[in-house]
Amino acid sequence: MSLTNCKFSSTPKQLMASTFSDQQLQSYLDESLTSDTMAAIEQKLRTDEGLRGRLVHLAGMREAGVHGLGEIWRRSRLSCPSREQLGSYLLGAIDPDLGAYIKFHVETVGCRLCQANLEDLQRQRTEQQQATQTRRRRYFQTSAGYLSQHRSN
Ligand SMILES: [Zn+2]
């Protein structure tokens, strides 16, 4: 065994681990981890419901009665899903893991930005549907008017 191997043992192997320690999650909430580790935890949070629960629990223990969960979340800056992802979520055409994450992000955490985005997307969809209906109705009325005019002649 050569001592030169030692320098490699200090690389953060836990980045690849399937679980993170409470200590790491605490540091995550403090944003005191390296950006690599922050990203790794965020990635894991997207698919790991257990980890999300632990993070919320830890955040709740620390900040109980002081800050709302939404504020903690905004401060910890868990990345928001993209507008495309929110659109797919609205249509129910999304990967189940990501869908569960967005539901958690929007409903449990109550991210106002994403809530506003979802409302906006929903309104756009409704407006588009109404526009289509109006166009169809107009077309029908024009046709009907044309026909009745012809009939009265
Ligand atoms: Zn968000």
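**Entry 1: A39.** I began with A39 and counted 13 C-beta neighbours inside 10 Å, so A39 is classed as partly exposed. The class follows because a residue needs 20 or more such neighbours to be buried and 12 or fewer to be exposed. I then placed A39 in helix α3, which covers residues 35-47.

**Entry 2: confidence.** I note that the model is predicted. Mean pLDDT for the chain is 76, and 71% of the residues score at least 70. I compared the elements and found the lowest confidence in helix α1 (residues 6-9), with a mean of 42, and the highest in helix α6 (residues 83-91), at 92. Over residues 1-17 pLDDT stays under 50, and the model has 4 contacts beyond four places in sequence for this stretch. Where pLDDT is low, predicted coordinates should not be read in detail.

**Entry 3: the chain as a whole.** I recorded 8 helices and 0 strands. Of the 153 residues in the chain, 15% are buried. I also checked contacts between residues at least 6 apart in sequence, and 61% of these join residues at least 24 apart.

**Entry 4: helix α7.** I turned to helix α7, residues 96-108, which has 13 residues. From its first C-alpha to its last, α7 reaches 17 Å, close to the 18 Å expected at 1.5 Å a residue. I listed its buried residues as Y101, I102, H105 and V106. Viewed down the axis of α7, these residues fall within an arc of 120 degrees, so they line one face of the helix. In general, an α-helix has 3.6 residues a turn, so residues three or four places apart point the same way. On the face of α7 turned away from the buried side, I found the exposed residues P96, D97, K103 and E107. After α7 comes G110, and I read its phi as positive, near 70 degrees.

**Entry 5: α6 against α7.** How do α6 and α7 pack, and at what angle? I found an angle of about 100 degrees, with the axes 10 Å apart. That angle makes α6 roughly perpendicular to α7. On the α6 side, the contact is made by Q85, L86 and Y89; on the α7 side, by L98, G99 and I102. I noted that I102 is also listed among the buried residues of α7.

How values were computed: Residues numbered from 1 in each chain as written. Predicted model: local features only at pLDDT ≥ 70, side-chain atom pairs only at ≥ 80, totals over all residues. Helix = DSSP H or I, 4+ residues; strand = E, 2+ residues; numbered from the N terminus. Contact = placed C-beta atoms within 7 Å. pLDDT = per-residue confidence, 0-100. Expected span 1.5 Å × (residues − 1). Arc of directions from axis to C-beta. Axes fitted to C-alpha atoms, helices over the stretch in contact; angles between N-to-C directions. Parallel < 35°, antiparallel > 145°, perpendicular 65-115°, else oblique.
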